[in-house]
Amino acid sequence: MAHLPVGPYDADTAESAWPSAAGQDTDCLLPPPNPAERLSIPITPRDQRRLALHAALTAAGIPPRPEDRDAIDQLSTLPPSTHTTLQRWLHHTA
């Protein structure tokens with residue numbers, strides 16, 4: 001019986017892998033951001049809560065799925081005190 005790929009990485013072969021840089025490990029770190037190149041666009045409190053919720057869910061081992069977007073958007077509209085409580089709950093699950 002032939003082995004069929006069942007996961008996104010099962011079909012990877014040496015030919016399809018990213019080439020490593022000469023004399024470096026395969027793990028390449030990005031350079032730190034340059035503060036002078038940052039955009040000066042303010043982030044609304046709702047967007048800050050949305051981003052924080054994404055981060056808290058991911059840190060708790062619950063990476064948000066694309067279909068979770070509406071729920072996260074609705075949770076982001078809740079008052080800051082409610083959002084703080086959500087953050088605390090998620091922090092204790094990690």
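Helices α1 and α2 cross in a right-handed manner in this predicted model. Their axes come within 8 Å and cross at roughly 125°, and the two helices are therefore oblique to each other. The protein chain holds three helices and zero strands, arranged along the sequence in the pattern α-α-α.

**Helices α1 and α2**

- On the α1 side, the contact with α2 is made by Arg46, Arg49, Arg50, Leu53, His54 and Leu57.
- On the α2 side, Ile72, Asp73, Leu75 and Ser76 take part in this contact.
- Ser76 is found in helix α2, which covers residues 69-76.
- Ser76 counts as buried because its relative accessibility is 0%, and the cut-off for buried is under 20%.
- Apart from its neighbours within four places in sequence, Ser76 is in contact with Arg46, Arg49 and Arg50.

**Helices α1 and α3**

- Helix α1 and helix α3 (residues 80-93) pack at an angle of about 15°, and their axes are 9 Å apart.
- Angles under 35 degrees count as roughly parallel, so α1 is roughly parallel to α3.
- The crossing in which α1 passes α3 is left-handed.
- From α1, the residues making this contact are Arg49, Ala52, Leu53, Ala56 and Leu57.
- From α3, the contributing residues are Pro80, His83, Gln87 and Leu90.
- Ala56 touches Gln87 and Leu90, when residues up to four places away in sequence are not counted.

**The nonpolar core**

- In soluble globular proteins, nonpolar side chains tend to be buried together.
- The largest nonpolar core here has six residues: Leu53, Ala56, Leu57, Ala60, Ile72 and Leu90.
- Helix α1 (residues 45-59) gives the most to this core, supplying three residues.

**The chain as a whole**

- The protein chain has 94 residues, of which 12% are buried.
- The chain exposes about 8500 Å², and carbon and sulfur atoms supply 61% of this area.
- Of the contacts between residues at least 6 apart in sequence, 58% join residues at least 24 apart.

How values were computed
Residues numbered from 1 in each chain as written. Predicted model: local features only at pLDDT ≥ 70, side-chain atom pairs only at ≥ 80, totals over all residues. Heavy atoms only, no water. Core = buried A, V, L, I, M, F, W, Y, C linked by side-chain atoms within 4.5 Å. Buried < 20%, exposed > 50% of the residue type's maximum accessible area, 1.4 Å probe, protein only. Helix = DSSP H or I, 4+ residues; strand = E, 2+ residues; numbered from the N terminus. Contact = heavy atoms within 4.5 Å. Areas by Shrake-Rupley, 256 points an atom, 1.4 Å probe, with all protein chains shown as cover. Axes fitted to C-alpha atoms, helices over the stretch in contact; angles between N-to-C directions. Parallel < 35°, antiparallel > 145°, perpendicular 65-115°, else oblique. Left-handed = near helix turned anticlockwise from the far one by under 90°.
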